[in-house]
Amino acid sequence: MNRKELGKLISALRKENFDAEGNRLTQATLAERAQRRDPQCPLNEIIIGKIERGERANLDADLLLSLANALELTAGERREFVLATSGFDNRQIYDVSKTPDDILAAASQMLADIRLPALLLDTYLDVIAVNDILLRLYETTFGDLVQRMRRPAGFNLLGFVFSSDFEAQRAQMSQREWNSFAAGNVIYFRRVTLLYRTTDYFTALFAQLRRNREFRWFWEQVFYEEKRYFVGGESLEMGTGDSGRFRYLTTPMVTLTPYGNLEIITHIPRNPETADAFHQLADGAPSTAHRLSPWPGKNSASAPVWLRAMPRST
C-alpha cells in the first residue's frame with residue numbers, strides 16, 4: 001500500500017469514528033483526541049491532513065502508534081494497519097503465478113473434502129462456498145441460501161448473523177453466548193476488512209450492515225468487550241435441551257493470495273457428544289462445495305445482484 005492509498009485508508013478510518021455528540025471525527029478532532037491520550041503525541045491537524053493526502057513520506061513508529069491509538073483500532077486492526085504501512089501490497093508479497101480460478105478451485109476442493117461443517121469466506125466475510133455438512137447443521141438447503149442472493153449483503157456472514165434468518169440459531173444461545181458470538185464476529189470483520197475500507201464494495205456493504213441497529217451497537221461496543229483481542233477462532237455452544245447442545249470451536253485455515261485472503265472456517269467438536277452428532281451429519285453427505293458468491297471480483301458482471309443494481313461512485 002503506497003502513501004496515497006494509506007492516506008485514503010486513514011481518512012476512511014477517521015470517518016468511521018464519531019465524537020460524543022455523534023459527529024464524524026474531523027482531522028482537527030482526531031488530533032485533539034490523540035493529544036488527550038498523549039500530550040507528547042506528534043500528531044496535529046496539519047500533519048494528519050498531509051498524511052491523508054499522501055504528502056507525508058516519513059511515518060515513524062511513534063506517529064503510527066499515535067494514529068492507531070487515536071483511531072481506537074482493535075488489536076486485530078492494529079496488526080493489519082502496521083502491515084499496511086510497510087508500503088507493499090498483496091501482489092508484491094504473495095505468489096502471483098496462480099490464477100484466481102486455480103486458487104479458488106483448490107480452496108473449494110479442500111472445503112468439499114473436510115468431513116466437518118465448514119464454509120469458505122473472503123476478506124469481506126462474504127460466504128464464497130459451504131459444504132453439505134454445514135447445510136445439515138443449520139437445517140437449510142443450497143436453494144434456501146441462493147434465495148438470499150438478491151438481498152443486500154445477502155451472502156455476507158454478518159448480514160446473515162444479524163438477520164431474521166439467523167433467529168432459529170440465536171434462540172438456541174443464551175444472551176451471554178449471543179453477545180460473545182456477535183462481538184467476536186464483528187471484531188473478526190473489523191480485522192479482515194481493514195485493508196479494504198476504501199473500496200466501493202466495502203462502502204456499500206457497510207452501509208447495508210449499519211442499517212441493522214444491533215450491528216451498529218456491536219460495531220461501536222467491541223472496544224469494551226473482554227474479547228477485544230480476538231484474532232480468529234471461536235468457542236460456541238448451540239442447541240436446546242430437547243435436541244442436545246453442540247459444543248464446538250470455529251477455526252480458520254487461511255489461504256494467502258494476492259487477490260485477498262480466503263479462509264475456511266471449520267467447526268471442530270469439543271466433546272464426544274458433538275463429535276458423534278457431527279459424524280451423523282457427515283454420514284451420507286456428499287463431498288461437495290456449493291458456490292454462493294463471486295471471488296475475487298465484486299464490481300464486475302459477476303457481482304451480487306444487489307450490488308450491480310447500485311449506482312457507481314464517480
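## The pocket, cores and backbone of a predicted model

The largest pocket has a lining of 39 residues, and those nearest its centre are Asn90, Thr123, Leu195, Tyr196 and Gly260. On a 1 Å grid over the protein atoms alone, a pocket is an open set of points where a 1.4 Å probe fits, with protein on both sides within 12 Å along at least five of seven lines, and lining residues have an atom within 4 Å of a point. This is a predicted model, in which local features need pLDDT of at least 70 and side-chain atom pairs count only at pLDDT 80 or more, while totals for chains, interfaces and linings use all residues. Residues are numbered from 1 along each chain as its sequence is written, and side-chain values use heavy atoms, with hydrogens and water left out.

Let's stay with the pocket for a moment. Its space comes to about 1,100 Å³, a volume being the space filled by probe spheres set on the grid points, which are joined across faces, edges and corners. Helix H5 (75–84) is among the elements that supply at least two lining residues, and H5 gives the most, with four.

Now for the packing. Of the 314 residues in the protein chain, 47% are buried (under 20% relative accessible area with a 1.4 Å probe, protein chains only; exposed is over 50%, partly exposed in between). The largest nonpolar core holds 50 residues, with Phe162, Trp178, Phe189 and Phe215 making the most contacts inside it. Helix H12 (residues 175–193) gives the most to this core, nine residues. A second, separate core has 25 residues, including Leu13, Cys41, Ile48 and Phe81. Such a core is a set of buried Ala, Val, Leu, Ile, Met, Phe, Trp, Tyr and Cys residues joined through side-chain atoms within 4.5 Å.

The backbone has a few details worth a look. Tryptophan 295 and proline 296 are joined by a cis peptide bond, with omega about 0 degrees, and proline 296 sits in the loop between strand E6 (289–291) and helix H16 (305–308). Most residues other than glycine have a negative phi, and most peptide bonds are trans.

| Residue | Phi | Relative accessible area |
|---|---|---|
| Glutamate 72 | near 55 degrees | 28%, partly exposed |
| Glutamate 139 | about 50 degrees | 74%, exposed |

Glutamate 72 lies in the loop between helix H4 (61–70) and H5, and glutamate 139 in the loop between helix H8 (132–137) and helix H9 (142–146).
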